[in-house]
Amino acid sequence: MVDNSARAVGLLAYDILDTPPERGYDDLVLLARQICATPIATMGLIDAHRQWFKAKTGTTVCESALEEAICRLVVEEDGPVEIEDLTCDPRTAANPNVLGGPKVRFYSGVPLRTPFGTIGALAVIDTVPRPGGLTTAQREALEKFSSLVVDLLELRRRSSALDDSQKRWRSLFSNMDEGYYLARVVRDETGRICDWLYQEVNPAWERHVGIGPDQVLGQTYGALFSVDEPEWVDLVTRTMESDRPVSFLQRLQSTGRWYDGTFYPVGQDYFSATFREVTKQIAAEQRQAGLIALGDVLRDERDIALMISKAMEVIGTAFSADRATYGEIDHDIETITVSEGWALPGMPPIKGIYRFDDYGKLRPTLLAGDPLVITDTLTDIRTRDDSEAWLSLRARGVINVPVREDGRNVALMLVHFADPHEWTSEEIHWLHNAADRIELAIARRRADELQSMINGEIAHRLRNTLAMVQAVARMTLRHSLSKEEADRFHERLHSLGRAHDLLHSDDRRAAVLGDLVGNILGDASVLERCRISGPVIRLGTRAAMSTALLIHEMTTNACKHGALSLPDGIVTVEWLIEKTVSGSDLVLLWRESHGPSVIAPTRKGFGARLISFGLIGTGGVSLRYEQEGLSASFRADIEKIMRT
Amino acid sequence: MAHSLIYTQSAVPTVLVVEDEPLQRMSLMDLVEEAGYPVEEACDADQALAILETRPDIRIVLADVDMPGSMDGLRLAALVRDRWPPIEIIVTSGRGIPQLKTIPARAMFLPKPLSEQRVIEALSQFG
């Protein structure tokens, strides 16, 4: 017994029942009839319920009940069946087609054996008995035809499977979010790729590129975007030459849009591309990077004018704008004094004074303290009557963001695009934020400048006062003091002046220890006989004063009684930082050598007392009068030295 | 001019002190005199120029940078270097060290308050 269901599965695989006639099967059936010299030939397919003829000749019957189908015998036998006289065979004698209807008498059928099982028979039929049946040649031909039928069926099945898979791919490309296209490269006369022709694009293409698929097909890239962008041609050339996918993140100059995607070589001169427009993401990233760069500029640049022009460059670049600049406005917002700022090459210069009324009805917006946001100056209701003025600046997409100081608009930040520009709320928000930060930075710089001017003035007055004290003292004391005493006074005064010089020439209001020591030794003209070494230590105001006096006393003593009183004597001044239980100490070592033998002085004068105060007036002094010369160490808390 | 011959033959050069602040000027003159130099005084650049025109014996000009009047000490120094090239110049200031290019060649700068020893050294170097 043949398994009906298995046969049904075989038939299903070919999906052929009830399909229209096809020439291939019709031709084979016709050939079988001619070769076997019968009036009828059929290609019958047997499913669970009926016999259906895919091809037939000499009969008009399309299908029949399973019980009437003689072909069923072939399928059940799964081998050729030939009956010379159907009326004599018990299997067919009672068949309605034998008894009545076409009254068939001869039947010869061969099975259609497919990889999915035997699904029917190719048969030749005659209305008269044929004793002896088909000749061997006829039977062989019938066998061959049946194989051909199966081949045809297989071919049909495979191509339809391919169609299905193509359909699935096609639906993937038409439904996916990414843009997709297939293109063939165009080569110049030297064989180099110079362009490409769009063969196929998916629906998403339009959303990403902004051009409808109907305008794309059969067009070249060059014709469509009418610009020379070698970087895109390079990418395609690389794809074709390496025969490997090449990814890209690149801007299409003509539209200004950014794309993230991949080119795939397809073979021959074809390639495909999948891509996504990422202009917004890139813009957001650029703004993010701009914010960081802006922070650097506002923090590091000391000069206000330079800071603003650098900040404008950062802003212009972050927005991929054509111009970014800054202008101060008068109290009534009638005019604006615009600085050159930053602009792409080719933009007209903008530096100068402008009247707002020459550029449209801008003042109501600005007086209200709102930013002036214009997508296109040619169409905006406020500016379209004055579009000539805007065009002479090549500014169409325009934004003016107020910069406020003490609650009043004092300046505007101007960003211009040569083309219309849709300002997003993120962009406007970003610019507000930038304006606030610029305003803060300017205010801080102005305060710094004022402070530094005041400091300079204080330093100047202080030095003049010291000079006056010096003059008064000289005049007052010249008869009551010995020359030596007077000199000591003047020199001490001078050392204090030295400390002040250093304190006021430094940004951080600190004196560098090395400079202080060097200056005082230099003033005494003994610098070349001293060796100074130690790390950079910044002294606070009080520490600088007391250290200056201390070093001065040590120098004077060395010149008068110590190593520097002899031509070969030298002084080594070294300092270092030592860890202590509570923190760190600065230790300054003063060592004299090659001088006369020294003994501790018996009388304690003012100079000796100054020395005993140490670096910051709190002691920490150790003096050793050794054979070699005086050796002194001065110690104080480094925190106190730097802070006070 | 007979008298100019006498002046130029003098071994010790005369020093012109230019300082607008009288006390400092007095003190500075005192110092220069103590060091053994004949001294002349001027309270501003204009007066200094007038004196220089009549006193060819002046060989050293000691001038404060910060002075009121038609020119400050630096412009005076430049003018002196231009008109009387042999005259030595010492400029002083309480405003910090001026830019190098504003000080004429061969001139010396001393910060205020002045170190008397440095002033005397400078004079002896030129004198």
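This is a predicted model: local features need pLDDT of at least 70, side-chain atom pairs count only at pLDDT 80 or more; totals for chains, interfaces and linings use all residues.
Visitor: How many helices and strands does chain B have, and which pattern does the chain follow along the sequence?

Guide: Chain B holds 5 helices and 5 strands. Read along the sequence, they follow the pattern α-β-α-β-α-β-α-β-β-α. Of the 127 residues in chain B, 37% are buried.

Visitor: I turn to chain A. In what order do the strands of the open sheet lie, and how are they paired?

Guide: In general, the strands of a sheet pair through backbone hydrogen bonds, either parallel or antiparallel. Here, 6 strands of chain A form an open sheet in the order β3-β2-β1-β6-β5-β4, and the pairing is antiparallel. The edge strands are β3 (63-65) and β4 (81-83) of chain A, each of which pairs on one side only. On average, neighbouring strands of this sheet are turned by 25° against each other, direction ignored.

Visitor: How many bridges join β2 to β3 in chain A?

Guide: Strand β2 (residues 50-57) of chain A is joined to β3(A) by 3 bridges, and the two run antiparallel. One residue pair can be located directly: Arg50(A) has Ala65(A), in β3(A), as its bridge partner.

Visitor: Which helices should I place against the strands of chain A?

Guide: Helix α2 (residues 23-36) of chain A packs on the sheet and touches β1 (40-46), β2 and β6 (117-126) of chain A. The direction of this helix makes about 75° with that of β2(A). Helix α5 (residues 136-175) of chain A lies across β1, β5 (106-114) and β6 of chain A, and runs at about 40° to β5(A).

Visitor: How many residues does each chain bring to the contact between chains A and B?

Guide: The size of an interface is often given as the accessible area lost when the parts come together. Here the contact is described by residues: 20 from chain A and 14 from chain B. On the side of chain B that touches chain A, α2 (22-34) and α5 (116-126) of chain B each supply at least two residues. The largest share of that side, 5 residues, comes from α2(B). By class, the side of chain B has 4 nonpolar, 5 polar and 5 charged residues.

Visitor: Finally, why does Leu462(A) count as partly exposed?

Guide: A residue with 20 or more C-beta neighbours within 10 Å would be buried, and one with 12 or fewer exposed. Leu462(A) counts as partly exposed because it has 18 such neighbours inside 10 Å. Leu462(A) is placed in helix α13 (residues 425-477) of chain A. Between Leu462(A) and His500(A) there are 38 residues of separation in sequence and 8.3 Å in space, C-alpha to C-alpha.

Definitions and conventions: Residues are numbered from 1 along each chain as its sequence is written. Chains are lettered from A and ligands numbered from 1 in the order in which they are written. Two strands pair if DSSP finds at least two bridges between them. Helices (H or I, at least four residues) and strands (E, at least two) are DSSP runs, numbered from the N terminus. Axes are lines fitted to C-alpha atoms, for helices over the stretch in contact, and angles run from 0 to 180 degrees between N-to-C directions. Two residues are in contact if their C-beta atoms, placed from the backbone, lie within 7 Å. Ala, Val, Leu, Ile, Met, Phe, Trp, Tyr, Cys and Pro count as nonpolar, Asp, Glu, Lys and Arg as charged, and the others, Gly among them, as polar.
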